[in-house]
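Subject: Structure handover

Hello,

Here is the structure I promised to pass on. Please open it first, then read the notes below it.

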Amino acid sequence: MALIRCCFEPPELPEFFDSFVQKCTDPSCCCGCCSALRPRYKRLVDNIFPVNPEDGLVKSNMEKLTFYSLSSPDKLDRIGEYLYQKATKDINRKRYKLAEIAMEAMDLLLQACHAQTTLNLFVESFLRMVQKLLEDSNPNLKIMATNSFVKFANINEDTPSYHRRYDFFISKFSSMCHSDSHDLRDSLRLAGIKGLQGVIRKTVSDDLVENIWEAQHMEKIVPSLLFNMQSGDLTPVEDATNVTPPVLAEEVLRELVGRASFGHIRSVLKPLLTHLDRHELWVPNTFAIHTFRIVMISIQPQYSYTVVETLMQHLDSNFKSSPKTRTSLAVVLSKIIAIAAGESVGPSALDIINNLLTHLRTSVSTTTEITPEESQYQEALINALGEFANHHPDYQKIEIMLFIMNTVPDLSKKSKSDQMLQNILLKSLLKVGNQYSTVSFEKAFPASFLQPLLRMARAPHDPTRIIVMQIFQALLDRHQNEKVLSTVSVKPYPALSQEPPSRSDIIFTHKYGANIMQALIDSMALSDRVDALTSSYNTAALLIVEMSCSETVQEFLLFILGIQQVASTVETLGAVHRCNLHSIAIALLVLISRVSGINNLLEYAQKIIEARREEAIYYLPPLLEPKKVVTKNLNLALPHLAIDKLALGECLQNAGMDAQRLNTGAPYTLNQTDNPGHRHSWVESVSNHMTQRNSSADLTLYNGDVDSVNSSPGVCKKALSPEYNFDAMKRTLAEPTESAKREQRERQMQIVRTFREGEFDELIRRTEPKHDLIQNRLNELFNSLAVERQITQSDSKTAQMQTTNEKPVYETKFPELFYY
């Protein structure tokens with residue numbers, strides 16, 4: 001080793017005359033004037049280092065160097081390179097204090113000169129300096145280098161920097177995030193997280209630099225952040241901000257997801273799901289739920305659907321996993337799906353619903369027996385579906401319910417798997433129905449939805465019917481009366497909330513009320529299970545509370561009489577079952593009398609109740625359990641304890657209400673079609689078609705002023721008055737007298753008796769039309785067809801037809817009344 005050295009270097013000769021009057025500051029220099037041979041920028045750089053490294057940066061000389069850099073920006077790259085060389089020598093010689101001073105000088109120059117156009121050349125030296133410090137094993141140098149890089153990342157550069165690469169920094173910062181050093185573990189992890197944040201900020205905003213969204217980078221960044229987020233037991237770092245690695249990692253993940261575009265969001269989600277799979281973080285799923293909530297809240301709203309779609313695809317790929325894992329995945333989906341619901345409209349909403357239903361069908365089809373764990377998985381999927389539907393407007397909820405109803409297997413499929421699938425899908429439908437706020441029954445029950453729902457109400461499987469009744473209850477209960485009416489009782493309900501139905505609801509009742517009540521009667525007759533009967537009663541009670549008024553009370557009374565008629569006449573029902581139907585009938589009668597405010601009806605119901613308490617207590621609520629009652633003790637031949645139709649009519653008349661529909665109409669019976677025009681007998685059906693009435697119409701309400709009245713026996717069409725003056729019109733519009741009303745009722749009853757009791761041949765003879773226009777036209781048509789057949793057929797066959805003496809069917813003459 002040379003004892004004497006000189007700071008003069010031959011390659012620097014062109015700058016020899018730069019300054020030769022200053023003395024050399026190096027104590028080991030061989031002469032006092034060789035500093036004149038060194039460039040000025042090197043002398044300025046050398047002067048910022050103190051004689052004693054513990055004293056730190058010489059600030060006065062640093063100010064001179066900064067001023068020189070600002071006045072001579074072309075020297076920035078040389079200054080940076082020289083600082084890098086000095087720091088490299090100091091690091092190799094383990095003089096870490098001098099290396100820290102060099103890094104500090106780099107930071108100050110970077111902050112002071114960041115607006116210079118030549119900064120890119122200085123940045124290369126700066127990044128090499130940071131890399132050199134990060135490669136060393138000294139943790140303090142790593143932390144200092146990271147802080148310097150973060151400062152650089154926060155600088156907005158105007159010039160492009162396409163020649164830079166940050167792959168080393170991504171790898172190094174990611175490894176620092178997994179540091180296990182006992183002394184500075186938290187500090188190193190914080191530094192690594194801050195470094196990743198700096199890389200993200202520097203690369204995302206610059207399209208010319210390395211694409212950070214590539215899989216090789218995301219597979220390092222995302223797991224590093226998640227690793228620190230799940231380390232919640234780390235102690236806080238003793239610094240000014242007191243930020244812990246989990247908190248900072250969560251902040252960086254939010255920033256990363258928030259900066260992701262539509263094409264890049266999957267690059268973040270894929271390593272996230274891989275990390276949760278590899279480290280088995282789905283069970284328990286607390287961390288997974290927390291992570292995905294961060295993602296959903298941070299992501300741009302229009303991209304939130306992508307997260308749900310990706311999670312569903314991951315659920316698809318885990319169809320062979322354990323039920324616990326799939327359940328946890330479904331729970332995570334249910335927790336985040338509501339956030340995406342607000343941005344999912346139209347096909348995307350139905351696509352999510354379809355995917356959830358597909359998972360439900362797969363769950364049912366792949367398992368022979370539903371285990372508790374599999375049931376939890378199905379419940380989680382149903383909850384996810386409900387949460388998704390809850391954040392949609394009501395009109396979309398109706399579309400979702402229609403979509404689900406169309407996927408329910410038909411009742412003709414009676415296998416166990418199909419019944420399980422029916423229940424699962426109906427539970428999904430119920431979940432959506434519970435989120436729907438009914439305002440108008442016409443909108444809540446469109447025909448395309450009501451008809452299949454009524455078919456399912458007649459399902460032979462008891463659990464299926466109970467779920468259907470719960471769906472009805474969820475959509476009918478507008479005033480939260482479902483819990484109050486959940487028990488069959490003849491006692492007054494204390495907290496019953498009611499509001500008069502609107503005109504649209506009354507129209508809906510006239511149009512579809514009979515169909516719903518017919519389905520309820522059929523449902524009640526299918527099983528004697530108490531829970532099934534109670535569910536049907538609850539639905540009927542809600543129907544009465546929500547739709548009862550003076551215009552619908554008669555139809556509800558016919559419905560009650562129909563329940564009683566089934567209990568009295570259908571011999572195939574068990575004794576306990578028939579007693580329970582009588583109890584339901586009297587309970588509904590008490591309810592409708594209280595809801596409608598008809599005191600006469602209530603008094604009559606109380607009389608029946610008192611009589612039953614004395615003679616047949618089993619005709620009153622509560623409902624009887626079939627397995628706990630001895631049927632021999634039940635006397636069902638008690639007609640005097642039944643609800644009387646005429647008595648109900650008198651109660652309505654005494655209350656000043658019309659009872660004509662009740663007196664002349666027929667109660668509901670079993671297994672009637674839902675077609676409004678064919679609910680009663682064929683005679684009543686003819687009257688309904690002629691009068692264009694709904695299913696609640698009856699023959700005795702038949703209006704005699706229709707055109708086809710000429711074909712009715714014993715009744716002639718009403719002749720118009722020959723006078724067409726004001727008095728004649730006034731008399732026509734005036735209220736008919738009592739005698740006229742009586743005569744009209746007698747004529748109507750005569751029509752009813754004629755059609756119900758008369759012979760068919762007699763009816764044909766009496767209703768034979770006065771002209772044969774239609775019959776003649778039919779004869780001409782058939783004759784022409786016969787001629788054509790005679791021309792085309794062979795002679796033998798023609799001869800055979802001529803020898804036949806049987807009368808052709810088409811020659812039978814039918815009266816006009818029987819044409820349809």
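Contact here means heavy atoms within 4.5 Å. Among the contacts in the chain with a separation of 6 or more, 70% are between residues 24 or more positions apart.

Some ground rules come next. This is a predicted model, where local features need pLDDT of at least 70 and side-chain atom pairs count only at pLDDT 80 or more, while totals for chains, interfaces and linings use all residues. Residues are numbered from 1 along each chain as its sequence is written, and side-chain values use heavy atoms, leaving out hydrogens and water.

**Overall**

The chain has 34 helices and zero strands. Both are DSSP runs, numbered from the N terminus: helices are H or I with at least four residues, strands are E with at least two. The chain holds 820 residues, and 49% of them are buried. Buried means under 20% relative accessible area, exposed means over 50%, and partly exposed is in between (1.4 Å probe, protein chains only).

**Helix 1**

Helix 1 covers residues 40-47. Its buried residues are Y41, K42, R43, L44 and V45. They pack against helix 2 (59-71) and helix 3 (76-92).

**Two helix pairs**

Two packed helices are described by the angle between their axes and the distance between the axes. Axes are lines fitted to C-alpha atoms, for helices over the stretch in contact, and angles run from 0 to 180 degrees between N-to-C directions.

Start with helix 7 (residues 167-177) and helix 8 (residues 185-204). They pack at about 150 degrees, with axes 7 Å apart. The two helices are therefore roughly antiparallel. Angles over 145 degrees count as roughly antiparallel, under 35 as roughly parallel, 65 to 115 as roughly perpendicular, and the rest as oblique. The crossing of helix 7 and helix 8 is left-handed. That term applies if the near helix is turned anticlockwise from the far one by less than a right angle; clockwise is right-handed. Helix 7 contributes F169, I170, F173, S174, M176 and C177 to the contact. Helix 8 contributes L188, R189, A191, G192, I193, G195, L196 and V199. By class, the contact of helix 7 with helix 8 has ten nonpolar residues, three polar and one charged. Nonpolar covers Ala, Val, Leu, Ile, Met, Phe, Trp, Tyr, Cys and Pro; charged covers Asp, Glu, Lys and Arg; the others, Gly among them, are polar.

Next come helix 20 (residues 447-456) and helix 22 (residues 503-526). Their axes come within 10 Å and cross at roughly 20 degrees. That makes helix 20 roughly parallel to helix 22. Helix 20 also passes helix 22 in a left-handed crossing. A447, L450 and L454 of helix 20 meet F508, Y512, N515, I516 and A519 of helix 22. Here the contact has seven nonpolar residues, one polar and no charged.

K142 lies in helix 6 (residues 139-153). K142 counts as buried because its relative accessible area is 16%. Leaving aside neighbours within four places in sequence, K142 is in contact with L133, L134, D136, S137, K172, M176 and L188. M176 also belongs to the helix 7 side of the contact with helix 8, and L188 to the helix 8 side. The C-alpha atoms of K142 and K132 are 9.2 Å apart, with the two residues ten places apart along the chain.

S536 sits in helix 23 (residues 530-547). S536 is buried, at 1% relative accessible area. Its side chain makes a polar contact of 3.3 Å with that of S523. A polar contact is a pair of N or O atoms within 3.5 Å; within protein, one must be able to donate a hydrogen and the other to accept it, and residues adjacent in sequence count only if both atoms are side-chain atoms. Beyond four places in sequence, S536 touches M469, L520, S523 and M524.

N580 is in helix 25 (residues 575-596). N580 is buried, at 0% relative accessibility. Not counting residues up to four places away in sequence, N580 touches L533, L623 and L624.

**Backbone points in the loops**

V283 and P284 are joined by a cis peptide bond, with omega about -5 degrees. P284 lies in the loop between helix 11 (265-278) and helix 12 (286-298). E280 lies in the loop between helix 11 and helix 12 too. E280 has a positive phi of about 50 degrees, although it is not a glycine. E280 is exposed, at 63%.

P621 and P622 are also joined by a cis peptide bond, with omega about 5 degrees. P622 is in the loop between helix 26 (599-615) and helix 27 (645-654).

K94 is not a glycine, yet has a positive phi of about 65 degrees. K94 lies between helix 3 and helix 4 (96-112), in the loop. K94 is exposed, with a relative accessible area of 54%.

Best wishes
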